[in-house]
Amino acid sequence: MTDHALAGKRAIVVGGGSGIGLGLAKTFTEAGMRVVIADIRPDHLQQALQELEAVGRNVHAIELDVTEDRMLEWAITCGETDPRFVDPSHPDFQAPASFPT
């Protein structure tokens, strides 16, 4: 089901390699969004990427540790995203002031 308000938008889903993050990635891609899944675990990323691509989803994957501010800033800057939701994989995650809303 394509959500025309989200179609073509881009998002980074942190923690997108499994669980709630993977569920969000599925929902976003079903809505027509271009999604980057980010996770600290490369094995989770690979499995999630294969699962999403197998059903024709437009998705990319990057290994990312959100406890490293510079890595998170890089992902946001390089991703050219229109994020609507980020699923932080770290309980103390605080979005930087420059985080687009």
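1. In this predicted model, Glu 51 and Lys 26 form a salt bridge, with their closest N and O atoms 2.6 Å apart. The pair links distant parts of the chain, since Glu 51 belongs to helix α2 and Lys 26 to helix α1, 25 residues apart. Glu 51 is partly exposed at 35% relative accessibility, and Lys 26 is likewise partly exposed, at 30%.

2. A search of the whole structure finds 3 salt bridges. Another of them joins Glu 30 to Arg 57, the closest N and O atoms being 3.0 Å apart. Glu 30 lies in helix α1 and Arg 57 in the loop between α2 and β3, so this pair ties together parts 27 residues apart in sequence. Asp 43 also forms a salt bridge, with Arg 41, at a closest N to O distance of 2.6 Å.

3. Helix α1 covers residues 19-30 and reaches 17 Å from its first C-alpha to its last, close to the expected 16 Å. Its buried residues are Gly 21, Leu 22, Leu 24, Ala 25, Phe 28 and Thr 29. Seen down the axis of α1, these fall within an arc of 155°, so they line one face of the helix. On the other side, Gly 19 and Ile 20 are exposed.

4. What covers the buried residues of α1 includes strands β1 and β2 and helix α2. Ile 12 is found in β1 and is buried, with a relative accessible area of 7%. Ile 12 and Ala 61 are 49 residues apart in sequence, and their C-alpha atoms are 9.2 Å apart in space.

5. After α1 comes Gly 32, whose phi is positive, near 95°.

Definitions and conventions: Residues numbered from 1 in each chain as written. Predicted model: local features only at pLDDT ≥ 70, side-chain atom pairs only at ≥ 80, totals over all residues. Heavy atoms only, no water. Helix = DSSP H or I, 4+ residues; strand = E, 2+ residues; numbered from the N terminus. Expected span 1.5 Å × (residues − 1). Buried < 20%, exposed > 50% of the residue type's maximum accessible area, 1.4 Å probe, protein only. Arc of directions from axis to C-beta. Contact = heavy atoms within 4.5 Å. Salt bridge = Lys/Arg side-chain N within 4 Å of Asp/Glu carboxyl O.
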